[in-house]
Amino acid sequence: MLSFNLLITVALAYVAFLFLVAFAAERRAASGQARWLRTSLIYTLSLSVYCTGWTFYGAVGYAARSGLEYLTIYLGPTLVMVGWWWVLRKLVRIGRSQRTTSLADLVSSRFGKSTALGVIVTLLAVVGTTPYIALQLQSVSLSMSVFAEATGSTWAGSDIGRTGLWVAAGLAVFTILFGTRNLDANERHHGVVMAIAVEAVVKLVALLAVGVFVVWGLAGGIAGTLETIDSSRLAAWEPAGGRWAGLIFLSGAALICLPRMFQVLVVENSDERHLATASWAFPLYLLAMSLFVVPIAAVGLERMPEGANPDLFVLTLPLAEGQQGLAMLVFLGGLSSATSMVIVATIALATMVSNHIVVPAWLSARTDGAMVSGDVRAVVLISRRLSIVAVLALGYTYFRLSEGGALAAIGLISFVGMAQVLPAMVGGIFWRGATRWGAGAGLISGFVIWMWCLFLPSFGQGAVISAQAFAEGPFGIGWLRPHALFGIEGLDPVVHAVLWSMLINTTAFFVGSVVTFPTPLERLQGAQIVNVYEHSQGPRTWSRQAAGAEDLLIMAQRILGPVEAQTLFQSEAKKQGKSGYLPDVTPDFVDYLERELAGSVGAATAHAMIGQITEGASVSVEDLIAVADEAAQIVEYSARLEEKSREQERTARALREANAKLTQLSIQKDAFLSQISHELRTPMTSIRAFSELLRDTTLETADQQRFAGIIQDEALRLTRLLDDLLDLSVLENGNVTLNISEGRLTDLLDRAVSASGVGSALAIRRDRASEAVKVSTDLDRLAQVFINLISNARKYCIAERPELRIEVRSIGGATVVDFIDNGEGIRDADREVIFEKFSRLTDPGKAGGAGLGLAICREIMERLGGAISYQPGQGGAAFRVTLPAAEALAAE
Amino acid sequence: MSAQRPGPLFLARSSFRRRRLRDAARMLPIVAVVLMLLPLLKGGDPEATTAGMLLYLFGLWIALVVLSALLSGVLAIEDDTAEALQRDEDRGADGTERG
């Protein structure tokens with residue numbers, strides 16, 4: 001016979017083994033060999049915390065009472081896992097990009113890092129999970145009492161209670177040791193996960209072993225088992241539509257919403273690919289866990305005495321058949337199921353309580369803020385350890401207070417409670433319009449309905465809610481009866497609670513979101529989380545740069561630990577190209593730091609702490625507008641700079657051109673001066689020579705006359721030259737008086753042609769019809785321009801048969817007169833300067849004039865209000881005279 | 001038009017297949033829900049036994065595990081890099097090829 005002491009010894013040895021496993025895993029992780037600790041297999045096995053003592057013992061009891069309905073509890077999670085591409089993938093991605101530490105952290109972070117929402121979800125989780133923890137304590141105590149009774153001693157209620165206390169204390173020690181070893185940056189617990197994976201194997205093996213024993217050892221194979229099932233009272237089971245569908249939904253929701261499931265699914269996930277594996281491997285695990293439940297229940301009902309607790313068939317059946325070793329294995333399996341659930345749930349709850357209630361309260365209670373000396377890490381760790389103890393104490397209290405109804409009932413109540421987070425969470429990650437008011441309204445209304453319809457009634461009629469209230473409603477309000485809200489009777493209590501709580505919760509969430517307005521931070525976070533696949537970067541929320549790097553370092557040291565914080569700051573400084581430990585406080589850096597801290601203390605707390613140092617509790621609309629303004633200003637400024645630099649470039653180019661022009665002009669002026677002195681000298685020389693001849697010698701009259709004629713010619717030439725210079729100077733100084741009169745263009749051209757005296761040296765081509773234009777201007781001056789152009793053509797056109805075309809046309813309302821010869825034209829380089837005075841083309845062939853003609857023409861045309869320009873590409877030198885617009889009148 | 005020779009593909013075959021597999025992964029739970037709710041029809045069939053229903057549900061369960069394993073195996077291999085995933089997601093998001 002198995003002695004009770006041996007059982008205790010084996011149990012303690014098993015627990016010691018788990019401690020060793022966890023310890024070894026922590027050691028390996030610390031030495032950087034975490035790779036094999038983080039495989040898909042371990043991840044999948046760690047998800048098995050879903051299967052608690054409730055599954056291990058309770059499923060058989062559930063099946064014995066309600067037939068196949070127990071399967072809904074596993075079919076729901078199977079659906080969610082198989083549909084991982086819908087929700088879980090997104091949750092895991094968000095969890096990784098936002099460094100989510102818990103369920104409450106996700107909700108709080110999505111809705112603008114709201115502390116209030118964090119508190120609500122935390123309270124909901126504590127209230128919803130405590131009964132579940134109580135359930136585990138009960139299952140361990142019950143299983144021990146079975147062994148005790150098997151060895152002959154009878155257990156009183158106090159013994160069961162004492163066992164529960166010991167178990168709770170042991171679990172607290174384990175959880176504190178491995179769950180709060182350090183404030184891991186990612187809130188991952190290698191030791192715990194490893195221990196849970198081992199426990200997952202133990203409980204699966206135990207259950208399968210019992211199943212194999214029952215099917216092949218007791219029922220006589222598969223066929224016999226099926227017969228047994230159909231002959232038992234299970235055969236009479238009819239699925240109830242509401243419960244079947246409702247429980248599948250509920251258990252599916254629980255997979256995402258239970259704090260412990262969120263912990264292992266999202267927080268402890270280190271690689272998204274593990275999720276892909278778990279999507280089929282975890283359903284397989286669930287299948288294996290539930291495979292033998294019905295056979296065990298059927299065989300148990302057949303073989304065990306009437307009135308035996310079906311919740312304990314898994315244990316009592318092998319004991320009754322004398323299989324001591326198998327019973328021992330089952331006991332360890334049950335212990336594993338219970339402890340792994342309690343450990344993970346406690347860690348998850350303690351994280352929430354500490355991050356969302358204790359630390360924020362501590363922070364706000366201190367007047368000197370987050371920048372004080374001392375180690376916040378110590379505070380966070382202590383608060384987390386105290387939270388663990390408090391959570392377990394609560395669970396133990398609940399366990400002692402409740403009379404311990406059927407295990408399944410408590411489990412379902414807990415599920416419904418946690419499912420209230422579903423609308424806020426799923427709505428939050430898929431709908432950008434969700435606001436914190438909507439989420440709060442949904443959570444609170446769902447919570448209230450759950451309390452009223454399911455949780456409080458679970459204590460029994462008359463315990464919390466009076467029997468009268470059950471029958472007639474509170475204060476006689478009939479439609480508020482806990483099991484018949486709004487007067488709809490006859491529903492199963494669980495289905496009733498699920499239906500109304502989810503309906504009202506979702507409605508409140510939706511309506512609240514639609515009618516309220518989000519804060520800027522909420523919008524930012526919403527976009528980050530809903531579009532998590534598009535944003536791999538975290539949200540940029542810190543625009544202020546008031547935070548001192550040193551202050552941040554002091555704070556970070558207190559949360560991350562000195563070595564980690566210094567490494568982080570140093571690497572950041574290095575990235576910025578600085579040496580030492582203090583990087584520039586850029587928004588990027590503050591943001592990064594906040595996410596690092598969020599991994600330890602949660603998003604809301606990290607935000608609040610950094611907020612205290614960066615001197616702004618949160619980013620206000622004004623801040624955002626200021627940032628936008630600043631950005632716009634910078635854009636505008638740079639555009640102006642660009643414009644300016646373009647302008648300077650233009651100016652520089654113009655200056656360079658002017659300079660080149662000036663240089664050339666200066667050279668030409670020198671040339672002109674020597675030319676003009678030569679021009680002046682030549683007539684002067686002949687005048688002097690001939691006047692000397694006249695004075696000194698006696699000449700014949702004919703000679704005298706000839707010499708005097710030469711002197712006069714030369715004097716005229718001089719006069720003409722000086723006249724030109726004078727003319728130009730007058731024109732340039734602007735004190736010329738115009739003598740406006742009317743005339744016909746064709747007459748003017750006739751006069752100019754004959755005055756220039758080209759004769760037969762130059763053929764003039766004209767189209768008299770087009771010249772029938774009336775002109776009103778200073779006709780003499782205009783004629784002077786024409787004469788100049790015609791004589792220029794005569795002088796410079798070097799064609800064999802020089803000819804000049806004079807074309808008159810109307811362009812854009814102005815009359816233009818083109819003078820086009822058939823010579824070589826003017827070279828590109830010279831075109832720039834021909835209209836400058838003193839300019840004179842360097843062509844040595846024709847040196848007739850002094851180079852003032854075109855300059856005078858230009859001055860005249862400007863005075864008259866017209867223009868003269870060179871026309872390139874006409875086959876020769878071509879000058880265009882644009883007549884003054886106002887004075888050009890159409891010929892009658 | 002139909003007389004034209006095959007020519008270049010109008011879309012990349014492999015990424016098209018990948019997106020269809022993703023659709024299958026999305027569809028699987030929906031089909032599964034329907035099949036899981038089938039036992040509710042038991043009332044209409046007096047022949048159905050609890051043991052038979054147990055076999056049906058476990059059969060369905062195994063089929064789901066196998067299908068899911070096949071799908072996730074392919075998806076996990078092809079979506080090796082986050083970048084690839086990102087790209088495909090973007091392509092799907094702009095509505096060019098999703099249906």
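R765(A) and E803(A) form a salt bridge, their closest N and O atoms lying 3.4 Å apart; the term denotes a side-chain nitrogen of Lys or Arg within 4 Å of a carboxyl oxygen of Asp or Glu. Because R765(A) belongs to strand β4 of chain A and E803(A) to strand β6 (residues 803-811) of chain A, the pair ties together parts that are 38 residues apart in sequence. Helices (H or I, at least four residues) and strands (E, at least two) are DSSP runs, numbered from the N terminus. R765(A) is partly exposed at a relative accessible area of 42%, and E803(A) is partly exposed at 23%. Here buried means under 20% relative accessible area, exposed over 50%, and partly exposed in between (1.4 Å probe, protein chains only).

The model is predicted: local features need pLDDT of at least 70, side-chain atom pairs count only at pLDDT 80 or more, and totals for chains, interfaces and linings use all residues. Residues are numbered from 1 along each chain as its sequence is written, chains are lettered from A and ligands numbered from 1 in the order in which they are written, and side-chain values use heavy atoms, with hydrogens and water left out.

A further salt bridge joins D750(A) to R768(A), with 3.1 Å between the closest N and O atoms. D750(A) lies in helix α30 (residues 745-756) of chain A and R768(A) in the loop between β4 (763-766) and β5 (774-778) of chain A, so this pair connects parts 18 residues apart in sequence. D750(A) is partly exposed, with a relative accessible area of 28%, as is R768(A), at 48%.

Another pair lies within one helix. R646(A) forms a salt bridge with E643(A), the closest N and O atoms being 3.1 Å apart. The two are separated by about one helical turn because they are 3 residues apart in helix α28 (residues 621-696) of chain A. An α-helix has 3.6 residues a turn, so residues three or four places apart point the same way. This pair belongs to a network of salt bridges that links E642(A), E643(A), R646(A) and R650(A). Over all chains, the structure holds 24 salt bridges.

Which residues have the most contacts inside the largest nonpolar core? They are Y50(A), Y70(A), L91(A) and V421(A), in a core of 197 residues. Such a core is a set of buried Ala, Val, Leu, Ile, Met, Phe, Trp, Tyr and Cys residues joined through side-chain atoms within 4.5 Å. Helix α16 (residues 324-365) of chain A gives the most to this core, with 18 residues. Because domain 1 (4-362 + 373-419) and domain 2 (420-533) of chain A both give residues to the core, it lies between them; the domain bounds come from an automatic or database domain assignment. A second, separate core of 42 residues includes V736(A), A752(A), L804(A) and F879(A).

Helix α23 (residues 520-530) of chain A is mostly covered, with 8 of its 11 residues buried. Among them are L521(A), E522(A) and I529(A).

On the surface, W479(A), F486(A), I488(A), L491(A) and L499(A) form a nonpolar patch with about 450 Å² of accessible area together. Patches are made of residues with over 30% relative accessible area and no salt bridge: like charges are joined within 9 Å, nonpolar side chains (Val, Leu, Ile, Met, Phe, Trp, Tyr) within 5 Å. Accessible areas come from the Shrake-Rupley method with a 1.4 Å probe; for residues, only the protein chains shown count as cover. I488(A) sits in the loop between β2 (484-485) and α22 (493-515) of chain A and is partly exposed at 39% relative accessible area.
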